[in-house]
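Please read it with the structure open.

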Amino acid sequence: MRTHPDACPGAVELHQAADGGLARIRVPGGTLSAAQWDVVRVAALELGNGSLELTSRANLQIRGLADGAELGSRLRAAGLLPSDTHERIRNIIAAPLEDNQALVDALDEALCADPELASLPGRFLVTVGLPVSGSGGDFGLVDDVLLLAGTDTGVRVTDPVDAVVTAARLFQQLRGPAWRLSEVDGGVRKITEHFGATDVPRITPAVTPVAPSAVTPGVPLGRLDAHQLPGVPVRLTPWRSLVVPPGTDTSGLITDPASPWHGVSACTGRPGCAKSLSDVRADVYAWLARPELSDLPETIGVGTRSPQGALQSGSIPQRPVHWSGCARRCGRPVGDVIEFVAIGDGYRRIAGTARDEEIR
């Protein structure tokens, strides 16, 4: 049971990291006009450390901020901060290649309009579309299906916006100190009973990442130089990639699905995080530069291999690989993920493999 309130950072209420203030900017559905994208880029250059971090919820982070007041002012003017009271709960991830932004916008507006929902935890999450339905949302929409804690319990709805708001109110009433619907004893059952389940075939929630290409480039380790992509409308994806118009200059981004960078993510690590035991990102760069690595053949799966199973240039990740600087495992993608967690002078593989062992 949770014993302390959720402390997710917002766009105004910053988290004080080792490298300065950290702001998390919610972008429901991940869609930013060219003008909005430039506002965020310039803010990162002028107010932060000059980079933008893409999160696994298709949001943005700016690091190295002195305070959030000026950032908040710029975001409000750009329409990216419609509610100070609700801004931390505006977590709506959507299938990025589907025409669903109008539904996302209607959901966002309705959630922000309900004063009761302002005190939902910052971990609250809504998903829209089958490709993101397995992403661990408290509530999810796939056509007329209302998912509860990532499960199809048979609830079918005619007004998806009203259904999500109603379900969110019920969650708020039931949750106590819990941050997620899945943590509420009997929560899914009680909300299912409120709506009434139908005897129809159930859908299977899934996570279907977008493959890198010229119009869906990935961002190495989710960190983008804020000088990049000026004047370009973008749609952020939950896989730390972007959807951009054809012909966009994607230099420095991942456009080849066979790239060894594809599917690899990491937390901030040192020096940005005081809790980290290592400079995680530097370690990942060094690891990917070692094609002779042969002691972990199962970590990156199905490409060209040496007889010992070493990762070679052009290998394709079998499943996501995430590196963390401490046991909190921040930024871990949802689903079947191989993880390496720092333990001091090395890393321990703790998930997605048959063994639990240290690597260097």
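In this predicted model, helix 4 (residues 160–174) packs against helix 5 (residues 187–195) at an angle of about 135°, and their axes are 10 Å apart.

**Helix 4 and helix 5**
- Helix 4 passes helix 5 in a right-handed crossing.
- On the helix 4 side, the residues in contact are Ala163, Thr166, Ala167, Leu170, Phe171 and Leu174.
- On the helix 5 side, they are Gly187, Lys190, Ile191, His194 and Phe195.
- Sorted by class, the residues of this contact between helix 4 and helix 5 comprise seven nonpolar, three polar and one charged.

**Helix 1 and helix 2**
- Helix 1 (residues 34–47) and helix 2 (residues 69–77) pack with their axes 10 Å apart, at an angle of about 165°.
- Because angles over 145 degrees count as roughly antiparallel, helix 1 and helix 2 are described as roughly antiparallel to each other.
- Their crossing is right-handed.
- Helix 1 contributes Val39, Val40, Val42, Ala43, Glu46 and Leu47 to the contact, while helix 2 contributes Glu70, Leu71, Arg74 and Leu75.
- The contact of helix 1 with helix 2 holds seven nonpolar residues and three charged ones, with no polar residues.

**Alanine 23**
- Alanine 23 is part of strand 2, which spans residues 20–25.
- Its relative accessibility is 0%, so alanine 23 counts as buried, the cut-off being under 20%.
- Leaving out residues up to four places away in sequence, alanine 23 touches Gly10, Ala11, Leu14, Leu60, Gln61, Ile62, Leu65 and Leu71.
- Glycine 68 is 45 residues from alanine 23 along the chain, and the C-alpha atoms of the two are separated by 7.4 Å.

**Whole protein**
- The secondary structure comprises six helices and 17 strands.
- Of the 360 residues, 52% count as buried.
- Among contacts with a separation of 6 or more, 62% are between residues 24 or more positions apart.
- The accessible surface comes to about 15200 Å², and carbon and sulfur atoms account for 53% of that surface.

Conventions: Residues numbered from 1 in each chain as written. Predicted model: local features only at pLDDT ≥ 70, side-chain atom pairs only at ≥ 80, totals over all residues. Heavy atoms only, no water. Axes fitted to C-alpha atoms, helices over the stretch in contact; angles between N-to-C directions. Helix = DSSP H or I, 4+ residues; strand = E, 2+ residues; numbered from the N terminus. Left-handed = near helix turned anticlockwise from the far one by under 90°. Contact = heavy atoms within 4.5 Å. Nonpolar A, V, L, I, M, F, W, Y, C, P; charged D, E, K, R; others polar. Buried < 20%, exposed > 50% of the residue type's maximum accessible area, 1.4 Å probe, protein only. Areas by Shrake-Rupley, 256 points an atom, 1.4 Å probe, with all protein chains shown as cover. Parallel < 35°, antiparallel > 145°, perpendicular 65-115°, else oblique.
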